Amino acid sequence: TINIPKDFTVPTMPFSSEGAGYIYVLPGGKITGEGTVEFTTNEGTFSYNGGTITAKNIQLKGCTLYNEGTVGDASNPTSELTCVADASGNAGQLINIGTTGLAKMTGEDLSIENAGYLKVDGELVLNNSSKMDDGSYTECKALTLNGSNQGDKVLYMGNAAYLNCLGDIRR
């Protein structure tokens with residue numbers, strides 16, 4: 001278990017161009033606390049969660065977080081996920097095949113691929129193309145879809161994908 005105190009950050013910035021800056025949380029592993037865990041990797045790499053991440057702040061800086069475990073707490077969401085592009089302009093991505101429960105999810109540079117359970121206790125804003133795989137579940141208080149006139153930023157929904165928006169849907 002890694003417990004991050006308030007006002008502290010656990011960074012994963014690569015030390016060199018060959019370094020990857022990975023965090024792999026294996027089943028049974030935990031990252032908790034009132035601080036921030038920051039996922040930053042080199043292009044083409046990813047960080048993995050098969051355990052539990054309930055840190056107050058979860059940041060994706062131009063990387064992919066592959067979640068097969070639990071991020072946040074779906075029954076009492078307090079974790080917030082933010083996403084920003086890295087120095088090269090690479091967007092971040094959450095690939096969820098596990099359970100994700102967040103108080104807030106924001107980021108101009110975030111895309112989501114959900115094949116599991118995703119709950120956002122606040123507004124979910126999608127600025128990039130995102131995908132809900134067959135049989136996945138996504139719930140939010142409000143949804144904003146910031147597509148484009150060219151149709152290149154859309155929300156793809158697979159067979160039996162369930163989107164439960166409890167409030168307004170805006171575009």
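Biologist: Why does Y48 count as buried?

Modeller: The relative accessibility of Y48 is 16%; buried means under 20% relative accessible area, exposed over 50% and partly exposed in between (1.4 Å probe, protein chains only), so Y48 counts as buried. This is a predicted model, in which local features need pLDDT of at least 70, side-chain atom pairs count only at pLDDT 80 or more, and totals for chains, interfaces and linings use all residues. Residues are numbered from 1 along each chain as its sequence is written, and side-chain values use heavy atoms, with hydrogens and water left out.

Biologist: What makes Y48 and Y66 a stacked pair?

Modeller: Their rings lie 6.1 Å centre to centre, with 20° between the planes. Rings of Phe, Tyr and Trp (its six-membered ring) pair if their centres lie within 6.5 Å; planes under 30 degrees apart count as stacked, over 60 as edge-to-face and the rest as tilted. Y48 and Y66 therefore form a stacked pair.

Biologist: Why is Y66 called partly exposed?

Modeller: Y66 has a relative accessible area of 27%, which falls between the limits for buried and exposed, so the term is partly exposed.

Biologist: How many aromatic pairs does the structure hold?

Modeller: Six. One of them joins Y24 and Y48, with 6.2 Å centre to centre and 90° between the planes, so this pair is edge-to-face.

Biologist: Which residues do ring pairs link into a cluster?

Modeller: Y24, F46, Y48 and Y66.

Biologist: Why do Y24 and F46 count as partly exposed?

Modeller: Y24 has 47% relative accessibility and F46 has 36%; both values lie between the two limits, so both residues count as partly exposed.
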